[in-house]
Amino acid sequence: LVDVVLDEAGDSASTLPLISHALVETWARREANALTLDAFRSAGGVAGAIAQSADALYEQSLDSAQQDVARRLFLRLVTPGEGTTDTRRPMPLVELDRHVDPEAVRAVVDRFVAARLLSVSETRVEIAHEALIGGWPRLADWIETERDNLKTQRRIGQAAHDWDERDRDPDLLWRGAPLASTEAWV
């Protein structure tokens with residue numbers, strides 16, 4: 001088992017969260033108190049355990065409305081890269097309460113936290129491991145499909161934040177082409 005884990009992990013430090021997740025999932029499938037190669041492979045191995053856990057939770061534990069909440073939530077927890085890799089974006093917990101159904105969002109968050117795929121502090125929620133972004137094909141597909149929309153949303157959000165931080169200065173409000181393109185996007 002150790003040789004297989006080391007072989008699959010390679011020599012990159014970035015695989016440590018994947019190894020950790022794979023071993024936790026292997027432990028959940030252990031035989032008595034022994035970690036086995038079969039349990040490790042059943043968990044998905046280093047590369048597949050995190051995706052297998054996320055997909056199992058998404059497909060088997062969430063109804064269609066909760067799946068939609070999960071998709072929207074995860075997209076809000078990612079910053080799409082521009083010529084760089086996509087990264088996780090911590091989100092203030094107060095943003096969860098701005099959702100149409102905050103209780104539904106909290107229930108989805110709680111399920112992904114219990115599966116160690118999201119982490120929550122007193123003030124924010126975020127993807128637990130950057131490895132989930134590239135390691136969960138479903139999430140990668142969502143990001144790719146929504147990449148342009150995510151960039152536009154981030155641009156609008158940053159402009160709104162800047163406007164609010166500068167005492168809502170009317171001179172910072174968009175006009176002309178930036179406003180027209182945003183209205184067309186909406």
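This is a predicted model: local features need pLDDT of at least 70, side-chain atom pairs count only at pLDDT 80 or more; totals for chains, interfaces and linings use all residues.

Me: Why is the pair of Phe74 and Trp136 called edge-to-face?
Reply: A pair of aromatic rings is described by the distance of the centres and the angle of the planes. Planes under 30 degrees apart count as stacked, over 60 as edge-to-face and the rest as tilted. For Phe74 and Trp136 the centres are 5.4 Å apart and the planes make 80 degrees. That is within 6.5 Å and over 60 degrees, so the pair is edge-to-face.

Me: What does this pair tie together?
Reply: Phe74 lies in helix α5, and Trp136 in the loop between α7 (131-135) and α8 (137-165), so the pair links parts 62 residues apart in sequence. Helices here are DSSP runs (H or I, at least four residues), numbered from the N terminus. Phe74 and Trp136 also belong to one aromatic cluster with Tyr58, Phe112 and Trp142.

Me: Why is Gln66 called buried?
Reply: Its relative accessibility is 18%. Buried means under 20% relative accessible area, exposed over 50%, partly exposed in between (1.4 Å probe, protein chains only). So Gln66 counts as buried. Gln66 lies in helix α5 (residues 64-76).

Me: Is Val105 buried or exposed, and how do you know?
Reply: The relative accessible area of Val105 is 3%, so Val105 is buried. Val105 lies in helix α6 (residues 102-114). Leaving out residues up to four places away in sequence, Val105 touches Val69, Leu96 and His99. Contact means heavy atoms within 4.5 Å.

Me: How do you know that the span of helix α2 agrees with its length?
Reply: The expected span is 1.5 Å times one less than the number of residues. For the 13 residues of α2 (residues 16-28) that gives 18 Å, and the end C-alpha atoms are 18 Å apart, which agrees.

Me: Which residues of α2 are buried, and what puts them on the same side?
Reply: Leu18, Ile19, His21, Ala22, Glu25 and Thr26 are buried. They cover an arc of only 165 degrees around the axis, so they lie on the same side of α2. The arc is taken from the directions from the helix axis to the C-beta atoms.

Methods:
Residues are numbered from 1 along each chain as its sequence is written. Side-chain values use heavy atoms; hydrogens and water are left out. Helices (H or I, at least four residues) and strands (E, at least two) are DSSP runs, numbered from the N terminus. Rings of Phe, Tyr and Trp (its six-membered ring) pair if their centres lie within 6.5 Å; planes under 30 degrees apart count as stacked, over 60 as edge-to-face and the rest as tilted.
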